[in-house]
Amino acid sequence: MDRADKGVLASGSASLRKWLAASAVACAFSLAVGGAQAATKVTFCTNWFAEAEHGGFYQAKATGLYEKAGLDVTIKMGGPQVNGIQLLAAGQCDFYMGYPMQTIMAAYRGLPVVSVAASFQKDPQAIIAHQGVKTLGDLKGKPILVSQSADTTWWPWLEKKFGFTKSQQRPYTFSVAPFLHDKSMSQQGYIGSEPFQIEKGGEKPVIFLLADYGWPAYAETIVARTDWVKNKPKVVAAFVKASMEGWKSYLADPAPGNKLIKKADAKQTPAQLAFSLKMMKDYKLVTGGDAGKMGIGVMTAARWKEMFDFMVSNKMLPAGFDYKKAYDLQFVKGLDIMPAGE
């Protein structure tokens with residue numbers, strides 16, 4: 001081989017190296033773009049306007065936890081006129097922020113929905129009274145502002161446990177004005193919302209969290225469509241894990257999630273968000289009960305049976321219904337997202 005041939009070979013090798021380098025860059029770019037496009041689009045419908053009680057989900061989006069899990073999540077707010085469980089069943093949501101009794105009843109009616117995790121170990125539902133009321137039982141026979149949905153959830157429990165009657169009920173219009181006006185009146189409310197409004201109105205209310213008196217319901221559950229549980233279990237698992245990591249993060253530093261919450265609902269003030277977070281922590285809504293031992297988001301078969309037995313005892317459902325259709329524990333088993341410091 002003469003010098004000319006070696007020169008041609010060297011020149012060819014240089015060209016080959018350049019081509020290989022360019023191909024590697026193109027391949028890396030293609031993989032990066034492909035990875036971004038591969039993120040699974042997910043729509044999560046909440047049960048109300050954006051608020052601190054939804055903080056873990058907004059935190060997961062704000063801090064990139066969903067993105068890290070390969071999910072492109074859109075959070076859609078609910079409201080008083082939005083039937084989220086029907087939107088979920090119709091395929092307009094992929095996940096919904098639900099409530100156990102609602103999900104059991106939906107499963108009984110044949111809707112293809114199933115609960116896969118529970119953000120709140122305690123339902124934030126409370127009865128709120130004026131100063132001077134010592135116990136929840138003291139409200140027997142007294143007027144209480146109550147929404148219609150209570151009749152299919154916790155009101156029958158109050159009737160059985162404390163002897164309350166429907167004659168006590170007054171219509172609740174999601175305003176604390178009647179409560180502030182009438183000192184004989186009590187009302188329903190979430191511990192992080194109505195008490196704050198009442199305090200702004202000049203009164204320190206007495207709060208009876210129903211969960212602390214034995215009300216067994218979880219709250220802010222993640223409800224999925226059954227076809228996703230069957231056909232996309234990895235996506236369901238990823239959404240559950242990232243959401244519960246979001247809750248742990250939100251309880252530690254809520255600033256990223258709160259920024260998105262305020263963007264979604266401008267009515268949420270820093271004072272309201274701070275109050276709600278304090279109440280969630282004080283009452284251990286996220287970290288209490290089984291979550292302290294088994295991790296945030298946990299559900300148990302025993303707890304679901306307790307809720308179903310309550311519904312049967314109040315003739316909401318026949319005893320023969322297979323209530324286990326309403327929940328699936330596989331996505332919280334071994335999740336072990338332990339509360340900070342525990």
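View 1. In β10, I222 is the bridge partner of A117. Strands β4 and β10 are joined by six bridges and run antiparallel; two strands are taken to pair if DSSP finds at least two bridges between them. Helices (H or I, at least four residues) and strands (E, at least two) are DSSP runs, numbered from the N terminus. β3 also runs antiparallel to β10, with four bridges between them. Within β10, A224 stands opposite F95. Seven of the seven residues of β10 (residues 219-225) are buried, so the strand is largely enclosed by the rest of the structure. Buried means under 20% relative accessible area, exposed over 50%, and partly exposed in between (1.4 Å probe, protein chains only). The model is predicted: local features need pLDDT of at least 70 and side-chain atom pairs count only at pLDDT 80 or more, while totals for chains, interfaces and linings use all residues. Residues are numbered from 1 along each chain as its sequence is written, and side-chain values use heavy atoms, with hydrogens and water left out.

**View 2. The disulfide between C45 and C93.** The count of disulfides comes to one, where a disulfide is a pair of cysteine sulfur atoms within 2.5 Å. The bond joins C45 to C93, with an S to S distance of 1.9 Å. The link of C45 and C93 is left-handed, with -80° about the S-S bond. C45 lies in strand β1 (residues 40-45) and C93 in the loop between α4 (84-89) and β3 (95-98), so the pair ties together parts that are 48 residues apart in sequence. C45 counts as buried at 6% relative accessibility, and C93 counts as buried at 1%.

**View 3. Strand β1 between two partners.** β1 pairs with strand β2 (residues 71-76) in the parallel sense over six bridges. D72 in β2 is the bridge partner of K41. β1 and β3 also run parallel and are joined by two bridges. Here C45 has Y96 in β3 as its bridge partner.

**View 4. The open sheet β7-β6-β8-β5-β9.** Five strands form this open sheet in the order given, with mixed pairing. β7 (169-171) and β9 (206-209) stand at the edges, each with a single partner strand, so one side of each is left without a neighbour in the sheet. From one strand to the next, the twist averages 40°; axes are lines fitted to C-alpha atoms, for helices over the stretch in contact, and angles run from 0 to 180 degrees between N-to-C directions. β6 pairs with strand β8 (residues 186-190) in the parallel sense over two bridges, and S186 in β8 is the bridge partner of I144.

**View 5. T135 in the loop between β5 and β6.** T135 lies in the loop that connects β5 (125-129) and β6 (144-146). The residue is partly exposed, with a relative accessible area of 38%. The C-alpha atoms of T135 and V206 are separated by 9.4 Å, and the two residues are 71 apart along the chain.

**View 6. Helix α14 and its buried side.** α14 (residues 301-313) has 13 residues and reaches 18 Å from its first C-alpha to its last, close to the 18 Å expected at 1.5 Å a residue; the expected span is 1.5 Å times one less than the number of residues. R303, W304, M307, F308, F310 and M311 of α14 are buried. They cover an arc of only 155° around the axis, which puts them on the same side of α14; the arc is that of the directions from the helix axis to the C-beta atoms. The buried residues of α14 pack against α5 (100-108), β4 (113-120) and α6 (155-162), contact meaning heavy atoms within 4.5 Å. K315 follows α14 and has a positive phi, near 60°.
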